[in-house]
Every structure is written in C-alpha cells, then in structure tokens.
Amino acid sequence: MTTIRARNVNHPEHRENLKTEKYSVIREAMLASLPASDWMPFSELEDKVRAYLEAHDVPAALFPKPGSVRWYCKAVQLDLEARGEIERQPKKSPLHLRLRADSA
C-alpha cells in the first residue's frame, strides 16, 4: 500500500505517513466542502466530510475505527495548510478554515 508523507503546518520538520487512498478521499472531500469566501469551523468541516463520504459511497471499511475520519481530517487539514491550499482564520478559536483565496 502506498503512502503520502503529509506535512504539518505547526511542525514543519515532522512528516506523517498517511495511506494514499485515505488521504486522497479526505483531501477531495475537504476541498469540495470548504468555501473560498467565508470561514468554516473545523467541526462543521468534519461533518461535511462525513456527509461527502456517505454521498460518494466511500466504503465504511476504509475508516473502520471510531475516530479515524476525524484523525484523517486533522492530518489532511494540517498538510493542506502547509501546502498553501487552505488557510486558517488568524486569532480565531475554535479553528476556522477556508480555501486559500488565491487558489480558489
């Protein structure tokens, strides 16, 4: 099984090995769900990713463990931030995200 060495915007020296199939489906779901002009709370993004997985008939067996979708959402979110595809709202808690304005 192939893996992607995902980045972490908070720890640039750290790389996380993620299964390519899981990374790709979560990335696709996140980019399809995030707005470009407004900010979305991470919790809402996670809900939208789950709905996307269901709507696109992604087998539940791909994410069998409780919390695995959440874990992959977080790992992919940190990687997409590090790659400049999405951005977080500065000084906002809880975390709010959107597509990067110049990449939408």
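Helix 3 has 15 residues and reaches 21 Å from its first C-alpha to its last, close to the 21 Å expected at 1.5 Å a residue. The model is predicted, and the values below are computed from it.

**Helix 3 and its surroundings**

Eleven of the 15 residues of helix 3 are buried, so the helix is largely enclosed by the rest of the structure. The buried residues are Ser68, Val69, Tyr72, Cys73, Ala75, Val76, Gln77, Leu78, Asp79, Leu80 and Glu81. They pack against strand 1, strand 2, strand 4 and strand 5, and against helix 1 and helix 2. After helix 3 comes Gly84, which has a positive phi near 80°.

**Helix 1**

Helix 1 covers residues 20-33, which makes 14 residues. From its first C-alpha to its last it reaches 20 Å, close to the 20 Å expected at 1.5 Å a residue. Its buried residues are Lys22, Tyr23, Val25, Ile26, Ala29, Met30 and Ser33. An α-helix has 3.6 residues a turn, so residues three or four places apart point the same way. The cover over the buried residues of helix 1 includes strand 1 (3-6), strand 2 (16-19) and strand 3 (40-41), together with helix 2 and helix 3.

**Helix packing**

Two packed helices are described by the angle between their axes and the distance between the axes. The table gives these values for two pairs.

| Pair | Angle between axes | Distance between axes |
|---|---|---|
| Helix 1 and helix 2 | about 115° | 9 Å |
| Helix 2 and helix 3 | about 115° | 10 Å |

Helix 1 passes helix 2 in a right-handed crossing. On the helix 1 side the contact is made by Val25, Ile26, Glu28, Ala29, Met30, Ala32 and Ser33, and on the helix 2 side by Leu45, Lys48, Val49, Tyr52 and Leu53. By class, this contact of helix 1 with helix 2 has nine nonpolar residues, one polar and two charged.

The crossing of helix 2 and helix 3 is also right-handed. Here Phe42, Glu46, Val49, Arg50 and Leu53 of helix 2 meet Val69, Arg70, Cys73, Lys74 and Gln77 of helix 3. The residues of the contact of helix 2 with helix 3 divide into five nonpolar, one polar and four charged.

Val49 is placed in helix 2 and is buried, with a relative accessible area of 0%. Leaving aside neighbours within four places in sequence, Val49 is in contact with Ile26, Ala29, Met30, Ser33, Val69 and Cys73. Val49 takes part in the contact with helix 1 and in the contact with helix 3. Val49 and Val25 are 24 residues apart in sequence, and their C-alpha atoms are 9.3 Å apart in space.

Glu46 also belongs to helix 2. Glu46 counts as buried because its relative accessibility is 4%, and the cut-off for buried is under 20%. The side chain of Glu46 makes a polar contact of 3.0 Å with that of Arg50. Not counting residues up to four places away in sequence, Glu46 touches Arg70 and Cys73.

**Arg98 in strand 5**

Is Arg98 buried or exposed? Arg98 lies in strand 5 (residues 96-99) and is buried, with a relative accessible area of 18%. A polar contact of 2.7 Å joins its side chain to that of Glu87. With residues up to four places away in sequence left out, Arg98 touches Leu34, Pro35, Ala36, Ser37, Asp38, Trp39, Ile86 and Glu87.

**Backbone features in the loops**

Most residues other than glycine have a negative phi, and most peptide bonds are trans. Some residues of this model depart from that pattern. Asp57 is not a glycine, yet has a positive phi of about 50°. It sits in the loop between helix 2 and helix 3 and is exposed, with a relative accessible area of 65%.

Lys91, likewise a residue other than glycine, has a positive phi near 55°. Its place is the loop between strand 4 and strand 5, where Lys91 is exposed with a relative accessible area of 89%. The loop between strand 4 (86-88) and strand 5 also holds Pro94. A cis peptide bond joins Ser93 and Pro94, with omega about 5°.

Note on methods. Residues are numbered from 1 along each chain as its sequence is written. This is a predicted model: local features need pLDDT of at least 70, side-chain atom pairs count only at pLDDT 80 or more; totals for chains, interfaces and linings use all residues. Side-chain values use heavy atoms; hydrogens and water are left out. Axes are lines fitted to C-alpha atoms, for helices over the stretch in contact, and angles run from 0 to 180 degrees between N-to-C directions. Helices (H or I, at least four residues) and strands (E, at least two) are DSSP runs, numbered from the N terminus. A crossing is left-handed if the near helix is turned anticlockwise from the far one by less than a right angle, and right-handed if clockwise. Contact means heavy atoms within 4.5 Å. Ala, Val, Leu, Ile, Met, Phe, Trp, Tyr, Cys and Pro count as nonpolar, Asp, Glu, Lys and Arg as charged, and the others, Gly among them, as polar. The expected span of a helix is 1.5 Å times one less than its number of residues. Buried means under 20% relative accessible area, exposed over 50%, partly exposed in between (1.4 Å probe, protein chains only). A polar contact is a pair of N or O atoms within 3.5 Å; within protein, one must be able to donate a hydrogen and the other to accept it, and residues adjacent in sequence count only if both atoms are side-chain atoms.
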